[in-house]
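Hello,

I am passing on the structure you will be working with. It is shown below, and my notes on it follow.

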Amino acid sequence: MSVSIPPEAAPAQDRQQWSGQYGFIISAIGSAVGLGNIWRFPGVAYENGGGAFMIPYLVALVTAGIPILFLDYALGHRFRGSPPLAFRRIARWAESLGWFQVMICVFIGIYYAAILAWAASYFYFSFNRKWGDDTVGFLLGEYLKTDGATGGFQALVGGVVGPLAAIWVLAIIIMALGVKKGVERTNAIAIPALVVAFGILVVRALFLPGASEGINALFQPDFAALSKPTVWVAAYAQIFFSLSIAFGIMLTYSSYRKRRSNLTSPGLVVAFANSSFEIMAGLGVFSALAFMSHEAGVPFAEYYGPDGAGGTIKGVGLSFMTFPKVINEMPGGALFGALFFGSLLLAGFTSLLSILQVISGGLQDKFDWSPAKAALVLGVPMAIVSVIGFGTKAGLPNLDTVDKYTNEVGIVFSAVVMVVLVCWVLRRDKELAWHLSTLSTFKVGWIWRCLVGVVSPLALGYILVRTVIDLMQQPYSGYSWTLLNVAGWGSVIISIVAALAFCLVKWRRDPLDFTPYPALDVEEVK
Amino acid sequence: MGVSAIIMMVVALAIIPGGLIASTIFLARRPELDGYPALPDGVSD
């Protein structure tokens with residue numbers, strides 16, 4: 001194997017840093033633990049074999065989630081840059097992949113903030129249960145004022161625009177403070193607060209009448225489901241989307257670590273912390289859902305089945321339609337609601353910061369800007385687009401469409417290209433394994449290289465092809481082809497075009513002006 | 001709750017939060033700074 005060594009040149013550029021290992025770990029956990037942990041995992045597990053889903057879930061965690069997480073860490077730490085800079089330091093033409101990851105973060109950031117705005121509103125509504133008995137009608141009618149809107153540009157909705165603007169102002173201020181004073185300090189407060197708030201919620205839910213029926217529904221194994229490819233695909237997708245991997249976040253975060261840093265062991269802590277939160281969410285959410293079916297005197301599976309009265313148990317529907325019903329019925333519902341929507345807000349906001357840090361880091365590296373300037377230049381236009389696109393009557397279908405395509409096409413595409421590029425085209429996997437093992441207490445070798453280079457691209461490639469075929473054969477969620485083509489495929493195509501265009505812009509500092517550490521021992525890596 | 005559901009829940013709790021505890025303990029065994037390769041001249045952490 002040939003290993004090219006980046007040219008050693010002037011002393012390293014000044015780069016922002018975490019205050020230490022704890023700051024990095026708490027921020028990485030803040031990024032990984034997001035809305036998906038609370039509103040996606042429990043429903044996915046229930047629909048894909050219940051307790052038996054834990055088997056493909058753990059297999060996916062070990063064979064794809066943790067290996068790609070380590071790859072992100074190695075790339076960011078060895079090449080000390082946001083995705084564009086890190087990939088530029090590996091190969092000139094690879095810079096475009098970095099900008100593609102930045103653009104994916106742009107699209108995710110603009111709709112993710114809108115969901116946080118909804119959560120902030122519902123946090124406030126929960127104190128007097130403003131949604132009333134018709135929670136679906138309240139969300140779509142009184143709050144989002146959809147009026148049957150099917151996408152595109154529509155009139156602004158004041159109740160959404162207000163909290164959305166507040167979310168953006170807060171995010172811009174925190175980003176402007178930089179990695180240590182802004183992102184790290186926020187996570188240091190928000191993540192312990194999240195664990196306490198959600199922990200109280202879970203304990204309360206576990207003591208609700210009928211809670212055991214929900215836990216039974218979540219963990220009752222259907223081993224026959226393991227023979228279905230869809231279950232394995234769901235497990236790989238859940239792990240992949242949950243860990244914030246392969247679209248620049250973990251890569252960017254690890255680039256702010258000190259040179260002499262343990263990389264893999266903190267990665268294990270982050271990965272298991274993320275999954276632990278998912279298990280905790282499963283217990284809490286399903287206990288609360290079972291309380292409703294118990295009160296109705298209907299078995300859980302029937303109550304939340306296709307013809308049941310329970311409503312949806314995943315995503316926006318779970319959080320903003322089904323859960324308010326639970327809050328209406330349970331004793332102490334106002335506090336329970338505040339804990340639930342407060343947890344969504346904390347989990348989502350720390351993830352939003354990590355998404356924005358990828359963009360900010362890319363701009364800082366390329367244009368040599370300060371964190372404050374990057375925060376303003378990225379934050380203000382993104383806030384405007386966020387309001388225009390998702391603070392309107394058509395916010396829900398727009399959001400659902402962009403979310404589907406950027407996540408399930410954009411991120412998975414980014415992951416497949418990244419592992420193929422690093423492991424097969426540029427053949428840097430051996431160098432990165434050596435980098436991880438030289439600095440870390442948990443060593444990696446050929447097994448990691450095999451998982452990253454073979455298992456991950458096969459699993460993710462299959463998911464990508466399957467998703468693209470599905471999206472081309474039938475309109476997602478019954479939306480119009482115009483909306484899907486413009487907002488869905490449009491977001492992916494704009495990301496590709498913008499990624500190529502950014503590569504044409506000149507770097508303000510020589511991107512190759514850095515000293516790799518540890519210096520590569522070519523003999524050892526052979 | 002069914003026995004099989006309890007078993008799967010215990011297994012999940014043992015492996016995942018157990019993995020978090022184990023990895024946190026393992027993290028404490030981090031190398032001393034002296035154990036790292038020397039920093040190049042003019043390069044700080």
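Pro518(A) lies in a loop of chain A, between α21 (481-504) and α22 (522-525). Please keep in mind that this is a predicted model. The peptide bond that leads from Tyr517(A) into Pro518(A) is cis, and its omega is near -5°.

Two further residues deserve a look for their phi angles. Arg129(A) is not a glycine, yet its phi is positive, at about 50°. Arg129(A) sits in the loop that runs between α6 (95-125) and α7 (135-143) of chain A. With a relative accessible area of 29%, Arg129(A) is partly exposed.

Asp368(A), also not a glycine, has a positive phi of about 60°. Its place is the loop between α16 (333-367) and α17 (371-390) of chain A. The relative accessible area of Asp368(A) is 42%, so this residue counts as partly exposed.

As background to these entries, most residues other than glycine have a negative phi, and most peptide bonds are trans.

**Chain B**

Chain B contains one helix and zero strands. Taken along the principal axes, the box filled by the C-alpha atoms of chain B is roughly 65 × 15 × 10 Å.

How much of chain B is buried? Of its 45 residues, 24% are buried. The accessible surface of chain B is about 2900 Å², and carbon and sulfur atoms account for 67% of that surface.

Regards

Notes. Residues are numbered from 1 along each chain as its sequence is written. Chains are lettered from A and ligands numbered from 1 in the order in which they are written. This is a predicted model: local features need pLDDT of at least 70, side-chain atom pairs count only at pLDDT 80 or more; totals for chains, interfaces and linings use all residues. Side-chain values use heavy atoms; hydrogens and water are left out. Helices (H or I, at least four residues) and strands (E, at least two) are DSSP runs, numbered from the N terminus. Buried means under 20% relative accessible area, exposed over 50%, partly exposed in between (1.4 Å probe, protein chains only). Accessible areas come from the Shrake-Rupley method with a 1.4 Å probe; for residues, only the protein chains shown count as cover.
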